[in-house]
Every structure is written in structure tokens, then in C-alpha cells.
Amino acid sequence: MKRLTILAMIAALITTACRKDIHLNLQNASGLLVIEGNISDQSGPYLVQLSKTVTFYDVDTVVPVSGATVTIADDAGGYDSLRELTPGSYYTTTLSGAVGRTYHMHVHTEGKDYDASSTMQPPVAIDSIGINGSIFSGNPRGFIQFTDPAGIVNYYRTILYLHQYIDSTTTDFHHTRQHKIAVVNDRLNDGLIIQSTVRADYDIEKGDTLQVELDAIEKPVYDYWYTINNSTTSSQTAAPANPPSNISNGALGYFCAYSATYSKHVVYDGNIRFHRID
Amino acid sequence: MRFIHIFTTTILCTLALAATAQAKHTLSGSIRDAKTGEELIGAIISVKELPNTGAASNAYGFYSLTLPDGHYTLVGHYVGYTDYIREVDLSASQTIDINLAPAAVEIKQVEVSARRTDDNVKQAQMSATKLDIKELEKVPVIFGEKDILKTIQLLPGVKSAGEGNSGFYVRGGGADQNLILLDEALVYNASHLLGFFSTFNNDALKDATLYKGNMPAEFGGKLSSVLDIKMKDGNDKTYSVGGGIGIIASRLYVEGPIVKDKGSFIITGRRTYADIFTKLSKDTTINKSKLYFYDINAKANYRVGKKDRLFLSGYFGRDKFGLGTTFGIDYGNVTTTLRWNHVVNDRIFSNLSAIYNNFSWKVSINSNGVDILINSIIQDMGLKEDLEYFLDTKNKIKFGGQSTFRIAVPGEVTVNTPLFKPVDLSRSYGWENAIYAQHEITLWQKVSLNYGLRVSSFTVTGPGKNYYFHDNGQPTDTSLLKLGQFGKTYVNPEPRLSVSYNFKKSMSLKAAYSRNTQNIHLLSNTTTSSPTDRWIMTSNNVRPEIADQVSAGYFLNFMHDMFEVSVEGYYKWMQNQIDYIPNAQLTANETVESQLVYGNGRAYGGEFFIKKRAGKWTGWISYTLSRTERRFTQVNNNTWFPARYDRTHDVAVVLMWDITPRINVSASWVYQTGNAVTYAAGKYQVNGQWVPYYPLRNHDRFPPYHRLDIGATFVLKKHKMWEHDLNVSFYNVYARQNPYQINFISDVDNTGVSKTQQISLFRIVPSLTYNFKFTYVKPQK
């Protein structure tokens with residue numbers, strides 16, 4: 001990614017690269033099953049969503065998959081048969097996520113069975129959150145800092161929720177925007193302090209409230225989000241890859257058991273500033 | 001080893017045949033440019049009285065011609081030079097140095113046939129192109145920077161790595177499978193500014209030959225091609241200074257005698273100056289930014305007595321890119337070659353070279369008080385000996401060996417913060433050896449044969465940690481080597497054979513087979529090469545890459561060798577090719593080999609070429625119809641899939657027109673089938689975010705690529721002492737928006753709508769270059 005940025009900058013310096021929208025004759029890969037299941041150490045109910053792929057040029061509409069049988073069992077004898085409350089959304093009824101337990105998800109739909117399992121990792125505390133100037137653009141970016149447990153391999157998922165402050169003279173409310181997921185591991189800093197940028201689509205402004213969630217996850221889910229964040233939007237990548245699913249039988253998506261910690265702070269100033277949580 | 005046995009038996013038998021002795025004597029010497037003293041490579045010396053008898057000068061201008069006693073008329077010729085004619089009475093061996101005078105432009109149009117040769121038809125060697133450095137200066141290129149690596153992309157069988165890029169693919173081989181040699185030293189990264197320029201400054205170059213496979217046994221180490229570039233030796237008669245001023249870069253060179261007629265030197269330099277404009281900016285991030293490259297070529301040679309000559313040559317190039325004080329990257333090559341030419345006797349020529357080359361890069365990141373420095377270097381130290389034995393006019397034997405010790409430092413990280421732990425990226429060491437012998441023979445006048453054998457070996461050398469992996473990428477075993485200890489050794493015999501049958505004058509059929517191996521592999525998971533891509537050596541897990549190629553062709557020259565036509569077909573198999581698992585972590589990974597997968601490749605195609613070599617109009621048309629495929633167990637369900645640079649049709653048309661001796665215009669047009677790429681075929685939502693879905697790899701195509709470039713050179717003055725000219729060129733004249741990248745994105749203006757966006761790099765790029773040359777001429781007394 002960094003390389004592409006440099007290349008783009010050089011290209012911009014030498015000449016102006018031009019962009020135009022083109023229409024391509026794309027293959028049709030609609031109707032493939034997508035499963036997204038999450039279970040955490042926070043209070044339930046937990047959600048498993050079933051949908052189908054649409055063709056690339058279709059308008060973004062989720063095609064829900066209804067009438068499936070979805071169950072989650074754990075290694076301590078717990079079992080839950082999920083209820084479809086809205087089309088394609090299946091909720092747990094009794095299950096309560098616990099650290100250290102392994103969860104098995106089973107989905108039966110259109111005559112096929114899909115299985116996945118995931119083990120809930122212990123939570124990791126957030127030391128602080130804040131905003132920073134970034135290396136490549138001057139725009140402030142949110143970041144999170146925490147201490148990695150030493151001696152074990154850890155994978156993390158961070159989610160930024162930006163409560164955007166809208167000028168009170170017009171409308172007086174805080175608008176929440178959930179932002180992209182970022183993942184980080186401790187490959188280069190096992191047992192040390194990890195500072196990681198949280199991804200946002202929008203610039204952070206004065207008055208916004210920054211809320212960051214830190215999830216302890218397993219490698220398959222890390223790989224899943226790592227791929228999405230790194231190689232899926234450009235044909236310039238040598239081989240754009242689909243994120244590797246941890247669900248059997250060819251289903252797209254993932255099943256993730258995770259533990260979460262949260263931190264929240266108001267941005268007082270749009271300038272680069274470090275905010276330490278008390 | 002059975003191979004070697006058969007090989008030695010054959011060579012001994014043919015030698016016995018050849019040794020039907022009669023009173024013979026040898027003429028030998030050097031063939032040089034009369035004006036500058038530069039040795040001419042591949043100049044022909046023929047005997048008027050004995051048709052089909054002659055010799056060509058070798059890489060150091062040395063020739064040797066053994067004839068029966070008699071009275072002969074010798075004719076020396078070389079493209080762009082007037083013929084040299086001399087009568088000799090041969091009754092004893094003698095040394096004759098031949099000085100060829102460059103032809104004046106006016107004569108050029110008259111004496112066409114005398115200076116053209118049909119060597120391209122007669123020689124057994126096929127799939128080789130000798131590049132005319134002077135002709136190269138006429139072909140228009142981007143930014144007006146004459147570039148050998150961009151001009152060879154206009155030849156059949158050679159594909160460009162991308163828009164404005166100096167990287168190239170030969171007959172389905174990867175960009176890292178080209179053996180690019182500068183005065184025998186391997187150039188690892190032949191590009192500047194991330195590929196927009198090559199490392200070769202035209203002012204420093206004397207001669208270049210491209211072998212698209214079926215290379216002679218003297219070359220080895222890379223799978224697909226050899227680009228053998230030789231630097232100028234420098235004028236040993238008088239001093240001259242020249243250079244050029246362009247929009248992107250400026251060049252300067254100085255050459256002259258060290259001792260007249262005994263030794264000379266040449267120093268060339270080049271630097272870009274885009275950063276001069278960034279300094280003018282008021283923005284501190286921009287005006288503290290660095291963006292430039294420079295390179296220096298230097299060479300000196302000295303004749304020690306009549307039989308010995310020493311050469312010292314070097315290349316030093318560096319790219320620097322920095323964004324304010326926060327990010328910097330700095331990379332480049334160094335090559336140095338020390339050579340000793342020795343004429344053992346009038347029929348045996350020896351060259352011994354000591355070679356050092358490296359490629360290194362350094363990345364520095366400074367962000368919020370955190371300094372990170374990453375250092376990488378790959379370096380080779382080697383010795384190479386080549387012996388040429390000019391047995392008689394029909395037999396030539398060449399043999400020798402090479403030994404190279406290689407060290408790779410794969411990106412050592414130093415940080416000033418406790419936020420990161422240092423990664424233990426152990427250095428790797430390897431020892432590569434090769435011996436070879438080849439025999440060029442002419443049989444029954446019409447058949448030429450060039451056969452040879454190269455035996456190469458690679459030894460994993462200590463100190464180092466070598467992992468053994470099994471399928472899921474987890475290290476299963478570690479072998480530790482101490483300093484000086486040898487690990488696994490791979491030995492590969494590489495047979496080479498090419499034959500030509502001249503069934504009519506200036507018409508021949510040729511066929512060839514060759515095997516090549518490669519023990520150094522470039523890991524890059526992007527499409528264009530980046531300086532920070534990692535080179536790894538053959539190891540316990542990574543096996544030598546092997547390629548076998550067969551090719552056949554028809555060659556024809558007509559109208560007194562004014563036109564040259566060739567049709568060639570090839571088929572190539574490649575084993576132990578390297579690819580990566582999805583989401584491979586290639587940087588700062590101590591077990592990078594766990595990210596690799598291995599498979600096979602195949603490439604086949606036809607190449608058509610027609611060239612007009614002389615006259616007011618010159619130029620060529622090349623067309624390649626080809627396929628390049630790869631197969632990996634882990635990709636596309638183990639079926640053959642097209643390589644990214646598999647382009648079915650590839651056309652290049654180059655025209656040059658000398659309107660007057662002072663005005664020359666040129667044009668080149670290229671057309672290529674789009675790259676094989678992977679387009680999104682669907683999308684789905686996870687966590688509220690739309691994610692594209694990709695079906696099989698490389699099953700879609702970019703739109704076709706085509707472009708026209710034009711250029712003109714105006715000679716302002718051409719005098720003995722002072723000459724200068726002006727070159728104007730336009731890249732992509734009709735402003736075709738060729739796809740560089742296609743993005744699959746959400747439309748920012750229309751929520752919920754996905755679109756495909758094409759990014760093109762260049763529309764029209766005009767450029768202007770002013771070139772000058774001043775030669776010191778002693779005033780006449």
C-alpha cells in the first residue's frame with residue numbers, strides 16, 4: 001500500500017494521472033451464500049446474518065437468506081437455536097459468551113450444511129485513545145494504545161465509532177457513524193505497547209466524540225479483515241484475493257468469538273493532540 | 001554425470017575431424033574504430049579469395065583467422081563503417097590490427113550493400129538480437145531519456161512491464177528472470193524512479209545483445225533471457241566532452257586517452273532534477289521533499305605490452321525519495337568489474353574477471369518521534385574465466401567457469417523506540433558455481449552448429465538458519481549452519497544446442513534447445529517491481545527454477561541484406577516457479593518461505609519480424625502471438641491460468657526517416673492485448689461494508705493498450721570539433737487513456753452504487769533534449 005502511495009505521488013509530480021469511470025463486462029457471481037456470525041463476552045443476544053452475493057454493478061441491497069436452521073453450541077454443553085427476528089438475521093436466545101470457551105456454529109440452508117468454530121480470547125485493556133497527524137496526509141487520525149500480553153501470539157480487531165458533532169445552531173444531535181474495522185497483530189511487538197491507527201472514512205473534527213472498541217480475536221478472523229483492508233479494491237494488486245473464510249463448505253464470511261473493551265473521548269480540538277484516558 | 005561423458009566424447013570426436021592438418025598460419029589482432037580506438041564487437045573479417053571464410057571479432061575486439069598459406073585480400077566490415085581492404089602474403093603467422101573508419105553520412109546512402117552482413121542468417125545462434133546503440137538514439141521514448149530497456153520492448157517476444165516502465169518480460173519469463181549484465185556484473189534492479197527510467201545511461205554504452213533464450217553455454221543463472229551490455233572503453237586518441245540537457249535529467253561525459261593509443265578512460269554521469277522544482281514550493285512538506293536519482297559510469301583500460309590489457313569499470317547509481325522528514329527511501333546498484341585480457345597465443349584468447357555487485361535499499365520512517373530504519377543489501381563477489389580457442393575458420397571453442405559468493409541481508413530493522421521488537425531476519429549466504437564448454441562448428445559449408453554444456457551448482461552456505469516446512473507453512477525442523485559450513489547443494493546440467501541450415505544464400509532454417517536454471521528469486525506481490533521487493537536464494541525449501549526451451553525459425557535477408565525477415569516459434573516449460581499464499585507477509589518476516597507456493601509455467605508463441613536496415617527510411621515491424629500460463633496446486637483448482645502479462649497480441653511498428661543529413665524524424669506505435677487480471681464478479685456485505693467477490697484468478701482482461709510516440713532530431717551543427725543537436729519528442733501523441741489500474745469502488749456521489757474506475761498515468765508527454773559534444777582536435781602544423 002505504501003508503495004502504491006509513493007508511486008501515485010511520483011506520478012502526480014511528473015504528470016497528472018487521469019481517472020475515468022468505465023463500464024466492464026463482468027462475470028456474474030450472484031447468489032453465493034455469505035454468513036457473518038459474532039459472539040462476544042458482552043451481553044447478548046448475538047447475531048448471525050445470512051445473505052447472498054449480488055453482481056458488482058447491482059445497487060447495494062442485502063439479499064437475506066430466510067428459513068435457515070442456525071445453532072451455536074459451546075464446549076461446556078451450552079446450546080442455542082437461533083431465532084430469525086428479521087429476514088436473514090438470526091439471534092441467540094439464551095447463550096452468554098465467556099472467555100476461553102470454544103463456540104461451534106452450524107447453519108443448514110437450501111439442503112447444505114455449513115460449520116465453523118471459534119475460541120474466545122481473553123480481553124486486553126485499552127491504555128489510551130487519541131488523535132494524531134498521519135504520515136502521509138496532514139489529517140488527524142484516531143489511534144488506540146494498549147499493552148500486549150507477552151509470550152503469546154495475539155490478534156486484535158479495532159472499530160472506531162465516531163459520534164459526529166453537528167453544529168448546535170442548526171440541529172442539536174450527535175450522529176453516530178460506525179467506521180471500518182482495522183486489525184493488528186503483535187508479530188513485531190510481542191509484550192510491548194502497541195499503538196495502532198483506527199480507520200475512518202471521515203476527517204475527525206472538533207467536538208466529535210471518539211469511541212474505540214478493541215476486540216481480542218483469533219488468526220482466521222485477523223486474516224479475514226487483513227485481506228479486506230489490504231487487497232480488495234484494486235486490479236493493480238497482483239492477485240486480488242477473497243478474504244479466507246473460516247466456514248466450511250464454501251460459504252463466504254466468517255464466524256468470530258471475541259472479547260471486547262471500550263474507550264470513549266471527546267475531541268476538544270481539531271489539532272494534533274494526545275488524549276490520555278484517566 | 002552421463003551428460004558430461006557424452007559431451008566430452010562428442011567434442012573430442014569433432015576436434016579429431018577438424019585436425020586434418022596442412023600448412024596453415026594464423027592472422028590475429030584487434031578490430032577498432034579508427035577515430036576513437038574503441039574495439040568493435042562482432043566486426044567481420046572476410047577473405048575475398050575464399051568465400052564463406054571469415055571470422056568475427058570477440059567481445060574485446062580480438063579476432064583470429066587461420067588459413068592455408070597463400071596470397072589473400074582481407075576485407076574488414078562493420079555496420080556504419082567503411083570497408084577496410086588489405087592484401088596479405090600469408091607464409092607465417094602475423095598480427096594485423098584493423099582500424100575501421102566510421103562512414104560519413106553522405107557515403108551512407110551509396111555503399112549500402114558492402115556494409116551489411118547476413119550474419120543474422122548464417123550463425124547457428126538464434127533468438128538473439130544485437131542492438132545498435134546509435135539506432136536506439138533515434139527511437140522516441142518517454143521524457144526524451146534514451147533508454148535501451150524501453151527500446152528492446154519493441155522487439156518481438158519482449159513485453160513491457162507496464163506504462164512507461166523499464167521492466168520487461170521475455171517469452172513468458174518473469175521480470176526477475178532476465179540476466180542483465182553490465183560489463184559482466186549482474187544488475188539486480190535495472191530501474192530508477194520505480195521503473196520509469198532504466199539504470200543504463202546511453203552515453204556510456206557501447207554494445208548490447210539480447211538473447212531471448214537459447215543462449216550460449218557461457219551465460220547462465222537466470223531463466224528467460226540475457227541482456228549483455230558492454231560499456232564504452234573511452235577514446236584513446238583524443239579528449240572529448242559531451243552531454244545533454246533534458247526536461248527531467250541532464251547528462252555529462254568526459255573521455256580521453258590515459259596514454260595515447262595505450263589506454264583510455266570514460267566517465268559519464270546523469271542526474272534528474274525534479275526536486276529543484278519542489279524546493280520552490282512554500283509548503284514545507286514539499287520543499288523538504290527529495291525526488292531524484294543519479295548514476296555514474298566509469299571505465300578505464302590500459303594495454304600492458306602487446307598481449308595484455310587491463311580494464312576497470314564501475315557503475316554507481318542511487319535513487320533518493322523523501323517526503324519531508326517523515327519518510328525516505330534510498331536505493332541503488334553498484335557494480336565493479338576488473339578484467340584482464342590475455343592473448344595466450346594467436347589462436348587462444350583469455351579473459352579473467354573479478355566482479356563485485358550489489359543492490360541495496362534503505363527506508364527511514366520518522367513519525368511522532370519514532371525512528372525506524374530498514375536496511376537491505378544483496379551482494380555478489382565472483383571470479384570468472386573465459387577461454388576462446390579459434391581452432392580454424394570452421395571451429396571455435398569457448399570454455400570457462402564462474403564462482404560467485406552471495407550474501408543477502410533481507411531488511412534489518414533498527415528502531416529507537418521500545419514499541420517494536422527487532423525481528424531476527426537472518427542473513428543468507430550462497431555459493432554459486434558453474435563450468436561450461438561450447439563448440440561452434442561449420443559443417444559441409446551450409447550447416448552451422450553451436451552446442452555446449454553448462455553445469456551449474458548452488459550450495460546453501462553458513463552461517464544461517466534453514467527451515468524445513470511442511471504443507472501448512474509451520475517450520476517442522478531447523479538446520480543450523482556454522483560459518484564456513486555447507487548445507488544442501490543442487491547441481492544442474494544445462495545442455496545448449498542450436499543449429500542452422502543455410503539452404504540458400506541469405507536464407508536459413510534454425511532450431512535450438514536449451515535448459516537454464518536460476519538460484520536467486522524475487523519476491524514481489526505487486527505487479528510492478530518495487531525497490532523493496534525481496535530477493536531470496538535457493539534453500540532447503542526453495543528449489544532451483546528450471547526452464548527448458550525449444551525454438552525453431554526461418555531467417556531471410558533480401559535486397560543485398562537491406563531487409564531482414566525472421567519468423568520464430570518457441571515452447572518453454574518452467575519448473576519450480578514461485579508464487580505466494582493469499583495475504584502473504586513478505587516483508588519483515590523471518591520465515592518468509594512459509595508464505596510461498598511452488599508450481600509450473602509454460603509459454604509458447606510465434607514471433608514475426610521485418611526490418612529495413614538501410615536507406616533514408618529504416619525501421620521495423622514486430623508481431624508476437626503468444627500465451628503464458630502458470631499452474632499452482634493452490635490457485636484456480638490446480639488448472640492452468642494465464643500469467644498477468646499473458647498478452648495474446650503484441651505489435652510494434654518503428655519508423656525512422658532521415659529527411660536530410662541534419663533532420664531525422666521517427667515514430668513508434670505499439671498495440672498490446674490487455675493484461676490478464678482478476679475483476680470483481682460480485683459483492684456482499686459484512687459489518688455494514690460492501691466487499692467485492694473475486695472469481696478465478698486472471699480470467700478477465702484489461703482493455704487493449706496502444707500508443708503512438710513521435711520524435712525528431714535536428715542537428716544544429718556537425719563539425720570535427722563541435723557538434724550539437726536538439727531532440728523533440730511526444731509520448732502518446734493521440735492521448736490514449738491506457739488502463740494502468742482499475743478500481744472497484746463505491747460511488748461517492750451515489751450512495752449504494754458501485755462503479756469501476758480506470759486510472760491512466762500519462763496523456764501526451766512532450767519533451768525536449770539538447771545534446772552536445774566537443775572533441776579536442778590538435779591544430780594541424
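Biologist: Which residues of the largest nonpolar core touch the most other members?

Modeller: This is a predicted model, and the reading that follows is of that model. In soluble globular proteins, nonpolar side chains tend to be buried together. Here the largest nonpolar core has 135 residues, and those that touch the most other members are A:Ile35, A:Leu50, A:Val183, A:Ile217, A:Trp225, B:Phe168 and B:Leu181.

Biologist: Which residues does A:Trp225 touch, not counting residues up to four places away in sequence?

Modeller: With those sequence neighbours set aside, A:Trp225 is in contact with A:Arg157, A:Ile181 and A:Val183. A:Val183 is also one of the core residues that touch the most other members. A separate, second core comprises 22 residues, among them B:Ile31, B:Ile45, B:Val47 and B:Leu67.

Biologist: How many bridges join S25(B) to S26(B), and do these strands run parallel or antiparallel?

Modeller: Strand pairing is read from the bridges between two strands. Strand S25 of chain B, residues 370-392, and strand S26 of chain B, residues 395-415, run antiparallel and are joined by 20 bridges. Within this pair, B:Ile372 stands opposite B:Val415.

Biologist: Which strand is joined to S26(B) by 14 bridges?

Modeller: That strand is S27 of chain B, residues 428-443, and S26(B) and S27(B) run antiparallel.

Biologist: Let us turn to the backbone. Which peptide bond is cis, from A:Gly44 to which residue?

Modeller: The omega angle is the one to inspect: the bond from A:Gly44 to A:Pro45 has omega near -5° and is cis. A:Pro45 belongs to the loop of chain A between strand S2 (33-40) and strand S3 (47-52).

Biologist: What is the phi of B:His560, and where does this residue lie?

Modeller: B:His560 is not a glycine, yet its phi is positive, at about 55°. The residue sits in the loop of chain B between strand S35 (545-558) and strand S36 (563-580).

Biologist: Why does B:His560 count as partly exposed?

Modeller: The class follows from a neighbour count: a residue is buried at 20 or more other C-beta atoms within 10 Å, exposed at 12 or fewer, and partly exposed in between. B:His560 has 13 C-beta neighbours inside 10 Å and therefore counts as partly exposed.

Biologist: How does B:Ala735 read, and where does it lie?

Modeller: B:Ala735 is a residue other than glycine with a positive phi, near 50°. Its loop lies between strand S47 (722-731) and strand S48 (741-746) of chain B. B:Ala735 is partly exposed because 14 other C-beta atoms lie within 10 Å.

Note on methods:
Residues numbered from 1 in each chain as written. Chains lettered and ligands numbered in written order. Predicted model: local features only at pLDDT ≥ 70, side-chain atom pairs only at ≥ 80, totals over all residues. Helix = DSSP H or I, 4+ residues; strand = E, 2+ residues; numbered from the N terminus. Core = buried A, V, L, I, M, F, W, Y, C linked by C-beta atoms within 7 Å. Contact = placed C-beta atoms within 7 Å.
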